Amino acid sequence: MDMKRSYFEDVRLFGSAAQVVWFLVLLAALFLFPFLAGPYYVYVVSYAAINVLVALGLNLLVGYTGQISLGHAGFFGIGAYATVLLMNKAALPLLLALLVASLIAAFFGFLLGLPALRLEGPYLAIATLGFGLTIEIIFEKWKFFGGSTGPPVPDFPIHFSSGLSMDQNIYFLVIPLTLAGTIAARNLVRSRVGRAFVAVRDSDIAASCMGVSLMYYKTLAFAVSAFFTGLAGGLFAFHLGQIDPTTFNLMLSIIFLAMVVVGGVASILGSVMGAVLLSVLNLKLKGLQLADFAAIPVIGQGVADFLGAFFMETGMANIRFIVYGLIMVLIMIVEPLGLYGFWIRTKIYWKTWPF
Amino acid sequence: MDSLLGLIQVFVGGFTVGSAYSLIALAMVIIYKTSEVLNFAQGDMAMAATFFAFSLLAVLGLPFYAALPAALLFAVLIGLAAEFLFLRRAKEPNLLGLIIITLGLEMIIFGLASWKWGADPKDLPFPVSPWDTIQIGGLIISYLELLTVATAAVVAAGLFLFFRYSKLGVAMKATQLNRNVARLMGIRTRRILLSAWGLSAGIGALAGLLIAPGGTVDPYMMWDPMMKGFASAVLGGMTSLPGAALGGCIMGVVENLFGFYVSTEFKSVVPFAIIVIVLCLKPSGLLARHYIRKV
């Protein structure tokens with residue numbers, strides 16, 4: 001099957017010519033998409049692409065290096081706030097602000113990586129969780145960050161072409177950055193660094209005996225992961241058009257982790273699939289109405305009556321949390337490798353088909 | 001003299017808050033001790049039980065002595081269902097996988113509860129008032145605070161006796177030490193895990209019912225206490241029951257001292273700062289034996 005017969009097969013960027021072709025098709029589709037689809041779908045795809053960046057960063061940390069983080073909303077928030085504040089107060093251009101903000105997030109990732117050198121399991125979970133909550137509270141309570149309404153987000157400054165709407169402009173910035181991030185992550189995991197990450201995950205003691213510096217690679221994993229997340233946060237500020245501290249709460253950290261796990265731990269393709277699935281679900285389920293249930297054939301009216309009688313209609317947006325939770329639990333029970341695992345199984349089934 | 005009394009008052013206030021944290025920490029430690037699962041759903045299980053009590057009291061108008069056991073029973077059922085339906089079914093459970101399952105459970109319960117009861121805060125009709133106070137030697141304590149401390153003390157003592165003298169408690173300890181050997185000794189380890197979840201959910205619900213009257217009943221009510229309770233459990237060492245009780249008290253006192261003397265705004269950040277510092281010095285918490293992994 002997909003057996004690797006030599007070292008060079010293992011480190012190739014593309015597995016086969018077919019993959020190159022599909023990649024080019026994807027590039028063309030992504031380029032043409034905003035001209036063919038409606039504005040709402042452009043918005044959805046940008047949102048999904050931003051989440052892909054976060055999922056990639058988090059997967060490098062959780063999937064490849066084996067360090068649990070429940071505080072990635074903190075890095076996301078740092079990226080968003082730093083980008084906006086650098087543009088507002090230091091008048092930096094957007095791209096430079098994004099870069100500096102991501103570096104700031106990476107620095108905080110490095111700082112969080114330091115206690116992680118000595119902590120594992122539940123202890124690391126609580127330390128990262130505390131980090132996320134602390135960042136949220138600092139944004140809310142410190143006057144410099146604009147209090148509970150957050151700082152004003154400047155207008156998106158880049159216009160690629162005069163005919164494009166703002167959402168389309170954001171799309172054309174987000175998509176190349178996400179593609180670059182995906183390729184960077186893919187390159188990272190097939191290089192020396194990525195293999196060091198995997199070695200740290202599988203057994204940190206054995207890795208350090210083999211000469212992998214735990215201090216260097218663990219803090220590096222945190223920093224790289226925070227860089228990706230910070231970049232996504234900066235883009236998210238413009239995508240949403242406003243930021244406030246409660247956006248970056250614990251629930252967001254959990255959803256990021258859910259993207260990684262639903263997609264498949266330690267898999268780049270999995271991160272992309274998980275992030276896209278949960279982002280689309282998030283936007284779709286947010287606007288769920290009772291009428292949507294009534295539209296189901298045959299049983300629809302009965303279900304809608306039941307739900308209307310026993311549940312609050314104002315709370316229907318919370319259905320997405322139930323769906324997320326169910327997906328997370330079922331994935332762990334049915335296929336711990338996530339969507340990537342389903343994909344691999346399907347592929348193997350068809351490749352070996354009559355047997 | 002006044003400042004000394006003020007200091008003691010702050011201490012006592014922190015201690016009473018801390019005993020609520022202790023209850024949650026104890027509940028988390030019971031599960032972690034027996035099955036090595038970090039139960040992130042603990043807080044929301046308690047929240048659901050509190051909402052259930054609210055429905056019985058305020059909507060159906062049941063008397064409190066009937067609603068309390070019903071709410072506790074409801075919590076125990078949630079705990080049993082969680083273990084039986086989800087945790088037990090997990091394939092190749094590792095730490096991350098188990099955390100994901102309990103996080104997913106948390107989201108399911110959170111979503112269901114805020115769908116059913118809505119996000120607007122409600123008041124729990126509770127027979128013990130959080131506003132009526134008594135004075136003991138110059139210290140002002142409310143009846144609810146007294147009740148919280150008393151409950152935490154009774155639960156902690158009860159758990160100590162339970163794990164020391166009861167057959168089920170000893171079996172739980174054996175299951176934690178080595179599941180296979182416990183099984184060979186004739187202990188039905190799956191039932192032990194099930195009962196640990198039930199017990200823990202019940203204790204968590206007690207905490208929820210004691211926290212709710214001082215604030216409001218809403219879907220987010222247990223987030224903050226749950227984080228503090230988790231932090232307390234980690235501070236105490238995650239596997240040690242006395243550690244969890246002690247951790248909760250330390251957490252409450254330090255938080256209150258900081259809030260009183262330094263800044264109220266950043267009060268809720270303090271526990272995590274303490275946690276990080278303590279863990280850097282003692283990576284397994286205060287009262288747990290340092291766990292050395294065999295390679």
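## Stop 1: a helix residue in chain A

Select Leu281(A), which is found in helix H12 of chain A; helices here are DSSP runs of H or I with at least four residues, strands are E runs of at least two, and both are numbered from the N terminus. The model is predicted, so local features need pLDDT of at least 70 and side-chain atom pairs count only at pLDDT 80 or more, while totals for chains, interfaces and linings use all residues. Residues are numbered from 1 along each chain as its sequence is written, and chains are lettered from A and ligands numbered from 1 in the order in which they are written.

Leu281(A) is partly exposed, with 15 other C-beta atoms within 10 Å. The cut-offs are 20 or more other C-beta atoms within 10 Å for buried, 12 or fewer for exposed, and partly exposed in between, with C-beta atoms placed from the backbone. Neighbours within four places in sequence aside, Leu281(A) is in contact with Arg320(A) and Val323(A). Contact means that the C-beta atoms of two residues, placed from the backbone, lie within 7 Å.

## Stop 2: two loops in chain A

Go to Ala91(A), in the loop between helix H4 (72-89) and helix H5 (94-116) of chain A. Its phi is near 55°, a positive value in a residue other than glycine. Most residues other than glycine have a negative phi. Ala91(A) counts as exposed, with 9 C-beta neighbours inside 10 Å.

Then select Ala266(A), in the loop between H11 and helix H12 (268-286) of chain A. Phi of Ala266(A) is also positive, near 55°. Is Ala266(A) buried or exposed? Ala266(A) counts as buried, with 22 C-beta neighbours inside 10 Å.

## Stop 3: helix pairs in chain A

Show H3(A) (residues 39-64) and H11(A) (residues 250-263), which pack at an angle of about 75° with their axes 9 Å apart. Axes are lines fitted to C-alpha atoms, for helices over the stretch in contact, and angles run from 0 to 180 degrees between N-to-C directions. H3(A) and H11(A) are therefore roughly perpendicular to each other; angles of 65 to 115 degrees count as such, under 35 as roughly parallel, over 145 as roughly antiparallel and the rest as oblique. On the H3(A) side the contact includes Asn51(A), Val54(A) and Leu58(A), and on the H11(A) side Phe256(A), Met259(A) and Gly263(A) are among the residues met. By class, this contact has eight nonpolar, four polar and no charged residues. Ala, Val, Leu, Ile, Met, Phe, Trp, Tyr, Cys and Pro count as nonpolar, Asp, Glu, Lys and Arg as charged, and the others, Gly among them, as polar.

Next show H7(A) (residues 166-189) and H10(A) (residues 214-240), whose axes come within 11 Å and cross at roughly 170°. The two helices are therefore roughly antiparallel to each other. Ile170(A), Val174(A), Leu177(A) and Gly181(A) of H7(A) make the contact with Phe228(A), Leu231(A), Leu235(A), Phe238(A) and His239(A) of H10(A). The classes here are seven nonpolar, two polar and no charged residues.

## Stop 4: where the chains meet

Display both chains: 39 residues of chain A are in contact with 43 residues of chain B. Which helix gives the largest share of the side of chain A that touches chain B? H6(A) does, with eleven residues. By class, that side of chain A has 30 nonpolar, seven polar and two charged residues.

## Stop 5: the core and chain B

Select Met328(A) and Leu26(B), which touch the most other members of the largest nonpolar core, a set of 203 residues. Such a core consists of buried Ala, Val, Leu, Ile, Met, Phe, Trp, Tyr and Cys residues joined through C-beta atoms within 7 Å. H3(A) gives the largest share of this core, 16 residues.

Finish at Ala71(B), in helix H3 (residues 64-86) of chain B. Ala71(B) is buried, with 26 other C-beta atoms within 10 Å. Neighbours within four places in sequence aside, its contacts include Phe52(B), Leu56(B) and Leu209(B).
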